[in-house]
Amino acid sequence: MSGEDNLLRLVEAGEPDENNYHLQDQVGFILRKAHQRHVAIFAAHIADLTPPQFAALAKLYDIGETSQNQLGTLIAMDAATVKGVIDRLKARGLVELSKHEVDKRRLLVNLTPEGREAIERLIPLARAITEETLAPLTAKEAATFLRLLAKLA
């Protein structure tokens, strides 16, 4: 019996085996493998951006101009990480920075016309990436999986 089969059997039975520890049955290990698979699929479709860079562009497309710190919060990145992402996107001409009118310490981030064109071109690819990532699941399983995964986030 594979580790996946064993885990499914234990989960379905509601009886975790407290006497054994198998790495392949642990949530963190399984999530990491699923994440690695998703990132490989992402890279095969969108080679010129990292997932965090794509996330920043997609969120800016969704909400429009926002502060750098707020963007980081919205895409689950700490301040240092989002700064690096924004700096790289700015160097590529995909985002622009400006100072807030009242609070000059606050940096605002917005898409450039090139950034808007890029994300509009990439969104269909992102949908295909999601579909490919979830392809082993039925539509009902995928909906359940996403609902349950969101509870962990």
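Is Gln 53 buried or exposed? In this predicted model, Gln 53 counts as buried because its relative accessibility is 7%, below the 20% limit for that class. The residue belongs to helix 3, which covers residues 51-63. Apart from residues up to four places away in sequence, Gln 53 touches Asp 48, Val 85, Arg 88, Leu 89 and Arg 92.

Two of these contact residues, Asp 48 and Arg 92, also meet one another through their side chains, in a salt bridge with an N to O distance of 3.6 Å. Arg 92 sits in the loop between helix 5 and strand 2 (95-99), and Asp 48 in the loop between helix 2 and helix 3, so the bridge ties together parts that are 44 residues apart in sequence. Arg 92 is partly exposed, at 41% relative accessible area, and Asp 48 is also partly exposed, at 40%.

The structure holds 3 salt bridges. Another one joins Asp 62 to Lys 59, with the closest N and O atoms 3.5 Å apart. These two residues are 3 residues apart in helix 3, and therefore about one helical turn separates them. Asp 62 counts as exposed, with 55% relative accessibility, while Lys 59 is partly exposed, with 23%. Lys 83 is partly exposed at 42%, and Asp 87 is partly exposed at 34%.

Helix 3 also takes part in an aromatic contact. The count comes to 1 aromatic pair. Its members are Phe 42 and Phe 54, whose ring centres lie 6.0 Å apart; the planes stand at 70°, so the pair is edge-to-face. Since Phe 42 lies in helix 2 and Phe 54 in helix 3, the pair ties together parts that are 12 residues apart in sequence. Phe 42 is buried, at 6% relative accessibility, and Phe 54 is buried too, with a relative accessible area of 12%.

Val 27, Leu 31, Leu 137, Phe 145, Leu 146, Leu 149 and Leu 152 form a nonpolar patch on the surface, and together they have about 600 Å² of accessible area. Helix 2 (27-45) and helix 7 (139-152) are the elements that give two or more residues to the patch. Helix 7 gives the most, with 4 residues. Leu 137 is placed in the loop between helix 6 (113-134) and helix 7. Leu 137 counts as partly exposed because its relative accessibility is 33%, which is over the 30% required of patch residues.

Key: Residues numbered from 1 in each chain as written. Predicted model: local features only at pLDDT ≥ 70, side-chain atom pairs only at ≥ 80, totals over all residues. Heavy atoms only, no water. Patch = residues over 30% accessible without salt bridge, like charges linked within 9 Å, V, L, I, M, F, W, Y side chains within 5 Å. Areas by Shrake-Rupley, 256 points an atom, 1.4 Å probe, with all protein chains shown as cover. Salt bridge = Lys/Arg side-chain N within 4 Å of Asp/Glu carboxyl O. Buried < 20%, exposed > 50% of the residue type's maximum accessible area, 1.4 Å probe, protein only. Contact = heavy atoms within 4.5 Å. Phe/Tyr/Trp six-rings, centres within 6.5 Å; stacked < 30°, edge-to-face > 60°.
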